[in-house]
Amino acid sequence: MRKILIVLGIFILSSSISHAQADCTDTPPDGLQPLAAYSIFYTNYQNGDYEFALKYGRWLSCAKPEAMEGNPRYSLARVYERLTKIYEEVGRKKEDPTVKAAYLDTAIVLYDEALEMFGDDSEERYDIHLRKGRFFLANYDFIDDGLAKAYAEFQNMFDLNAEKTTQLGNGYYVQVLLDFYINRSMKQEAQSLIDQATPFASAKTLTYLDDKQKELLGTPEEQIEYYGAILESEPDNLEALNAMASAYEQLDNQPELAKIRRKIHELNPTYDSALELAKIERGNANYTQAIRFYKEALDKSTTDEQKKMRNLDLAAVHTSDDQLQAAKRYAQAAIRIDANYGQAYIEMSRIYATAITDCTSDRKLEPKDRMVYWVVLDYLNKAKRVDSSVTNTVNNLISTYEPVTPTSEDKFLTLNLKNGDTVTIDGSVMSCYSWINETTTVR
């Protein structure tokens, strides 16, 4: 009862915005003209003399003049904005907690009135929710369930403009709202907030949202259970499918991961989805399917970097599948895109080394076979010459292949060659090398 009496003494509360209030008057205090009364209110507000400004502020909130003759910049919405601050600042200085709470309650009434009067304008409504939320957050100790009310205002802001709220304050409002939901086990609200905020989040906020997503869903098994239920009713829900893929990846469940990735690719075939499937199939040694998806990724590539890397992938998979001539074409395509791509030259050396292995699969290595290793070494030396980042890898490979090149005895007695001679590796060496058609130097 004491609190109610104090509130009534501070400000005549109204549950509606009607202009007519029993104790309100159109006449300003002290017989002043409206412009003079407003000027005193504004001047004292600017000077921080809130108690004195309040005398005239009460009249403004009762009479609610929508215009002020002689002041074209007058705005009733700004009057309400200043009045809420006045009641908040005056209330903070009151030592009696009941009096303090009464002033704050009056500020809340003014916020509610402002929403009714000016809320048709979406920007104005957004700003009022923002100020009201900050008000609750700053004074929650003196307001019943003040924190929950603050976060309700932040949610109102988000509902009005998700993009603006996500980016406001470097993501502050979304972050504190998400923390509030997670701390109170409001998983559905938290998930909805993450889903809606993600498209608008900065890199820093995205990291925060990702961390909270993991905290929210817990273990991969819990994620699978959560998103699995969604997919039962919405089997084409890409967001749920991507989340399931992430969970299966964490569990290293390759069969299920492959199924989910295929579904994602079927619904929304992209460069990334094709590449993910290619990697999965390659890891399973399913080279036919890996080649299929690498080709899709190559077709969807938009940059030279992507194109050279996918060409190299195709070269490597064709080599693994023993399709050496096709492998050579893709490796050469990568080199045409970037003549300084050391990995592509290494792949060329691997292709030719594999050719030697294939040609000698049912017989011993002969001096003519050994000549092909000179071409292998040519590509390895070219790799480190154009790309210093591969030097260590190349040196290790060179140490493997150099000992199997033709010996001095092979060159003199069998091959009839001397150092510095030029030879061509093609069908004249052996039929199985006819497709190589590379020239090298005896050494």
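**View 1. The second largest pocket holds about 270 Å³ of space.** This is a predicted model, in which local features need pLDDT of at least 70, side-chain atom pairs count only at pLDDT 80 or more, and totals for chains, interfaces and linings use all residues. Residues are numbered from 1 along each chain as its sequence is written, and side-chain values use heavy atoms, with hydrogens and water left out. A pocket here is an open set of points on a 1 Å grid over the protein atoms alone, where a 1.4 Å probe fits, with protein on both sides within 12 Å along at least five of seven lines. Its volume is the space filled by probe spheres set on the points, which are joined across faces, edges and corners. Lining residues have an atom within 4 Å of a point. There are 14 of them in the second largest pocket, and Q191, L217, Y226, Y227 and I230 are the closest to its centre. Helices α10, α11, α12 and α13 each give two or more residues to this lining. Helices are DSSP runs of H or I with at least four residues, strands are runs of E with at least two, and both are numbered from the N terminus. The largest share, five residues, comes from α10.

**View 2. The largest pocket holds about 450 Å³ of space.** Its lining has 17 residues, with D210, Q213, Y227, A243 and S246 nearest the centre. Two or more residues come from each of α10 (187-197), α11 (203-217), α12 (220-233) and α13 (238-251). Helix α11 gives the most, six residues.

**View 3. Helix α5 spans residues 97-118.** Its 22 residues reach 31 Å from first C-alpha to last, close to the expected 32 Å. That expected span is 1.5 Å times one less than the number of residues. Of the 22 residues, 16 are buried (under 20% relative accessible area; exposed is over 50%, partly exposed in between; 1.4 Å probe, protein chains only). At the start of α5, a side-chain oxygen of D96 comes to within 2.8 Å of the backbone nitrogen of T98.

**View 4. A disulfide joins C359 to C432.** A disulfide is a pair of cysteine sulfur atoms within 2.5 Å; here the S to S distance is 2.2 Å. A search of the whole structure finds one. The torsion about the S-S bond is about 140°, so the disulfide is right-handed. C359 lies in helix α19 (342-359) and C432 in the loop between β1 (422-425) and β2 (438-441), so the pair ties together parts 73 residues apart in sequence. C359 is buried, at 11% relative accessible area, whereas C432 is partly exposed, at 29%.

Methods: Polar contact = N/O pair within 3.5 Å; in protein donor to acceptor, adjacent residues only side chain to side chain.
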